[in-house]
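My entries follow the structure.

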Amino acid sequence: MKIKEASLNAITEAAALIQKGGLVAFPTETVYGLGANALDGEAVARIFAAKGRPSFNPLIVHVPDLEMAEELAVFDEVARRVADRLWPGPLTLILPKKENSPVAELCTAGLETIALRIPRHPVAQDLLRRAEVPIAAPSANRSGEPSPTAPIHVIESLGDRVDLILAAGKCTLGLESTVVDLSQTPPAILRSGFIVKEDLKEIIPAIDYHIETTERPRSPGQTLRHYAPSIPVRLNAVDVRAGEALLAFGPVKFMGLVGGGAAADLPDTRIRHLSKEGDLHEAAANLFAFLRELDRPEHTGIAVMNIPETGIGIAVNDRLRRAAAAAAANQ
Ligand code: TXA
Ligand code: MG
């Protein structure tokens with residue numbers, strides 16, 4: 001495995017690797033992706049193997065522009081308006097697959113639809129243009145771990161399973177893209193993210209969340225176990241129990257320790273502040289890194305303070321609920 005700062009040379013090397021069927025981890029504004037040539041079935045199979053991902057769970061195909069997007073999927077007027085307004089950005093659209101699509105069948109797990117995204121991050125944009133092929137990329141972590149928001153997470157999670165990591169610091173948003181299904185009526189938000197319902201309402205008045213917990217999901221990945229820390233995760237905590245670490249949001253001066261003491265006096269290893277000022281965007285950007293940092297065997301669990309269910313808070317709470325449920329199932 002090689003790791004390189006995302007210079008022009010490194011991006012050019014990464015594009016060549018993609019064309020040859022290699023695996024490249026690259027930054028997007030949401031999380032780091034594990035990319036391969038979406039037209040090359042063997043390369044795509046290597047993504048599934050590296051992640052330990054079940055093959056029924058389809059991948060997002062990344063493209064540099066609408067022109068390439070329209071070669072892969074059928075855009076109606078609504079889809080075109082959404083794309084015009086919100087791409088490039090942290091948004092994935094599920095659309096009917098174009099007939100005779102050149103994309104490897106494994107990418108779409110045999111579905112009639114395809115997930116497409118034009119990312120905004122300049123390194124992702126540059127890589128996509130130089131590779132000249134669509135790039136299939138799930139988050140660059142092993143299945144069941146939090147998505148990587150910094151190069152170190154990719155190294156820890158995938159190591160030698162990646163040919164090259166393009167490093168460009170921390171991801172600014174830190175949560176995966178909003179997934180919107182435009183292939184069915186009514187259209188629905190299958191995964192919450194930085195783009196919220198209100199951003200889509202103007203174009204699609206009927207849009208609503210359709211977040212999966214049922215057995216016949218519209219988004220195959222949404223019912224899988226996610227983000228499972230190895231210790232229990234306790235949500236909406238108003239105190240810290242013996243041995244627990246604290247994931248704080250906003251001021252902690254009124255948080256006490258069960259048995260006596262103040263959360264403010266916890267040692268650094270036992271507390272992370274998602275945002276001291278109560279800023280939801282800052283909290284979203286910090287969430288996955290801090291979950292990893294507090295997931296240590298010497299902690300009996302992670303107590304998480306209440307996070308408001310508004311704006312990007314909806315997505316933060318969605319990821320936290322999945323982490324709590326998955327951790328509980330692991331105990
Ligand atoms: O921010 C992101 O979206 C990152 C970056 C790298 O783009 N990617 C990412 O990919 O989070 P992944 O594979 O971790 O999540 C993709 C989600 C999964 O829940 C998958 O089931 C769903 O998208 N998906 C993919 N194709 C689909 C389809 N045709 N229909 C419904 N859901 C689909
Ligand atoms: Mg993922």
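The entries below go from conventions to domains, then to a helix and the backbone.

**Conventions.** I worked on a predicted model, where local features need pLDDT of at least 70, side-chain atom pairs count only at pLDDT 80 or more, and totals for chains, interfaces and linings use all residues. Residues are numbered from 1 along each chain as its sequence is written, chains are lettered from A and ligands numbered from 1 in the order in which they are written, and side-chain values use heavy atoms, with hydrogens and water left out.

**Domains.** I took the domain assignment, whose bounds come from an automatic or database source. It gives domain 1 (2-209) and domain 2 (233-330). Their C-alpha centres lie 29 Å apart. I then listed the contact (heavy atoms within 4.5 Å). Domain 1 puts in 20 residues and domain 2 puts in 15 residues. Next I looked up buried area, the accessible area (1.4 Å probe) that two parts lose on being put together, summed over both. Between domain 1 and domain 2 it is about 1,400 Å², with 58% from carbon and sulfur atoms. On the domain 1 side, P146, L175 and S192 lose the most area, together 37% of what that side buries.

**Helix α8.** Helices are DSSP runs (H or I, at least four residues), and strands are E runs of at least two, numbered from the N terminus. The 15 residues should span 21 Å, and the end C-alpha atoms are 19 Å apart, which agrees. At L287, α8 bends by about 50 degrees; the bend is the angle between axes fitted to the seven residues ending there and the seven starting there.

I sorted residues as buried (under 20% relative accessible area), exposed (over 50%) or partly exposed in between, using a 1.4 Å probe and protein chains only. In α8, 12 of the 15 residues are buried, so the helix is largely enclosed by the rest of the structure. Among the buried ones are L280, L287 and F290. Their cover includes β14 (244-249) and α9 (313-330).

**Backbone.** Most residues other than glycine have a negative phi, and most peptide bonds are trans. I found a cis bond between W87 and P88, omega about -5 degrees. Another cis bond joins T185 and P186, omega about -10 degrees. N100 has a positive phi of about 60 degrees, and N100 is exposed at 74% relative accessible area.

Methods: The expected span of a helix is 1.5 Å times one less than its number of residues.
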